[in-house]
Amino acid sequence: MMKVSVKFRVLPLVAILVAIAVTMVSIAFFAPNVFAQEEEETRYTGAVMLLRDFENVTSEYINYNTKNITDEVLITKRVACYDTTLRNACGPIAASNIVAYYDNTYTNLIPNFEPMIFNKFYKSSDYPEADAVINAMYSNMRCNQIENGVSEPDYHSGFNTYVRAQGYSFNYTQLVSNGSLDINAFKAQLSSGHPVSLFCKGGALIGMSGSGVNQTMLTIRRFSTNHIVAAYGYQEYTYTLTDGSTRVDRYAMVSTGWSDPDYALVALDGSTYIKSATANIIA
């Protein structure tokens with residue numbers, strides 16, 4: 001009887017040891033992949049741009065015989081241009097800029113607030129109602145709660161949480177395919193009235209101005225950190241240069257998340273690495 005008793009006690013112990021061994025093997029095989037994914041997750045902290053650092057702010061002059069806008073697509077009104085003193089808040093700002101745009105149609109997105117002054121000009125984020133949107137997005141996106149800034153999944157999750165809390169639906173469509181922005185898909189979403197969030201891993205924001213007869217000056221402000229901006233338009237400029245050659249420049253028109261410059265261009269020539277681009281749809 002004693003032998004039978006010991007036998008049945010040993011079997012559960014063996015089962016437990018086998019289960020532990022299987023668990024350890026699973027951790028050995030699968031945990032490194034999980035940890036690697038967590039370590040590789042991109043965080044967007046906002047662009048660091050030193051306006052007085054001449055290595056980061058440069059000018060390019062284009063001398064031409066003719067200059068034409070050969071393609072342009074805009075949403076019905078450009079997005080807002082909010083800014084904030086909150087740290088690493090480019091994600092909350094980009095989403096709030098888009099919410100302010102949609103509030104023109106869905107007026108309860110920002111309760112008891114008309115974000116526009118007139119036509120394409122918005123009230124500043126100094127208004128408490130606008131500031132409340134930014135703070136809500138900041139909390140919903142868990143900005144700086146895990147690490148600095150926000151991840152793309154938290155951006156969309158927090159955006160969705162805010163919109164649904166106001167009684168509307170939120171969806172987004174990915175516009176980056178095979179590592180590059182699908183220009184035709186980008187233009188199609190803008191034509192449908194959908195602003196686009198651009199997730200940039202370093203790059204440049206560009207200002208354009210005339211600096212003389214048949215001369216355009218591009219002010220190029222470079223940034224090295226990860227930054228999210230809200231795009232509201234697409235422009236294509238075609239130049240016939242003074243040497244007879246042709247130059248075509250393509251840009252996304254964006255709200256920067258800064259007070260100066262508040263609106264700028266992102267060159268779609270590879271100088272800015274757009275890791276992801278999502279059309280934001282509220283209904």
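**Figure 1. Arg43 in the loop between helix 1 and strand 1 of the predicted model.** Helix 1 covers residues 2-40 and strand 1 covers 57-74, and Arg43 is found in the loop between them. Arg43 has a relative accessibility of 9% and therefore counts as buried, the cut-off being under 20%. Leaving aside residues up to four places away in sequence, Arg43 touches Arg142, Ile146, Glu147, Asn148, Gly149, Val150, Ser151, Asp154 and Asn226. One of these contacts, Asn226, is 183 residues from Arg43 in sequence, while the C-alpha atoms of the two are 7.0 Å apart in space.

**Figure 2. Arg142 in the loop between helix 3 and helix 4.** Arg142 is one of the residues that Arg43 touches. The loop that holds Arg142 runs between helix 3 and helix 4, the latter being residues 152-165. With a relative accessible area of 35%, Arg142 is partly exposed. Its phi is near 55 degrees, a positive value in a residue other than glycine. Most residues other than glycine have a negative phi.

**Figure 3. The crossing of helix 2 and helix 3.** Helix 2 spans residues 90-102 and helix 3 spans residues 128-140; their axes come within 9 Å and cross at roughly 130 degrees. That angle makes helix 2 oblique to helix 3. The crossing is right-handed. From helix 2, Pro92, Ile93, Ala95, Ser96 and Val99 meet Val133, Ile134, Met137 and Tyr138 of helix 3. By class, this contact is made up of eight nonpolar residues and one polar residue, with no charged residues.

**Figure 4. Asn112 in the loop between helix 2 and strand 2.** Strand 2 is residues 116-118, and Asn112 has its place in the loop between helix 2 and this strand. At 77% relative accessibility, Asn112 counts as exposed. Phi of Asn112 is positive, near 55 degrees, in a residue other than glycine.

**Figure 5. The hairpin of strand 7 and strand 8.** Strand 7 covers residues 196-212 and strand 8 covers residues 215-241; the two run antiparallel and are joined by 15 bridges. One of the pairs has Ser197 with Ala230 of strand 8 as its bridge partner. Two residues lie between the strands of the hairpin, where Asn214 takes a positive phi near 55 degrees.

**Figure 6. Strand 11 and its pairing with strand 4 and strand 7.** Strand 11, residues 274-282, runs antiparallel to strand 7, and five bridges join the two. Partners include Phe199 with Ser276 of strand 11 and Leu198 with Ala277 of strand 11. Five bridges also join strand 11 to strand 4, residues 170-174, again in an antiparallel arrangement. Here Asn171 has Ile281 of strand 11 as its bridge partner. Seven of the nine residues of strand 11 are buried, so the strand is largely enclosed by the rest of the structure.

**Figure 7. The cis peptide bond from Asp260 to Pro261.** Omega of this bond is near -5 degrees. Most peptide bonds are trans. Pro261 lies in the loop between strand 9, residues 246-255, and strand 10, residues 263-267.

**Figure 8. The protein chain as a whole, for orientation among the close-ups.** The secondary structure comes to five helices and 11 strands. The chain has 283 residues, of which 45% count as buried. Among contacts in the chain with a separation of 6 or more, 70% are between residues 24 or more positions apart.

Terms used
Residues numbered from 1 in each chain as written. Predicted model: local features only at pLDDT ≥ 70, side-chain atom pairs only at ≥ 80, totals over all residues. Heavy atoms only, no water. Pairing = 2+ DSSP bridges. Helix = DSSP H or I, 4+ residues; strand = E, 2+ residues; numbered from the N terminus. Axes fitted to C-alpha atoms, helices over the stretch in contact; angles between N-to-C directions. Parallel < 35°, antiparallel > 145°, perpendicular 65-115°, else oblique. Left-handed = near helix turned anticlockwise from the far one by under 90°. Contact = heavy atoms within 4.5 Å. Nonpolar A, V, L, I, M, F, W, Y, C, P; charged D, E, K, R; others polar. Buried < 20%, exposed > 50% of the residue type's maximum accessible area, 1.4 Å probe, protein only.
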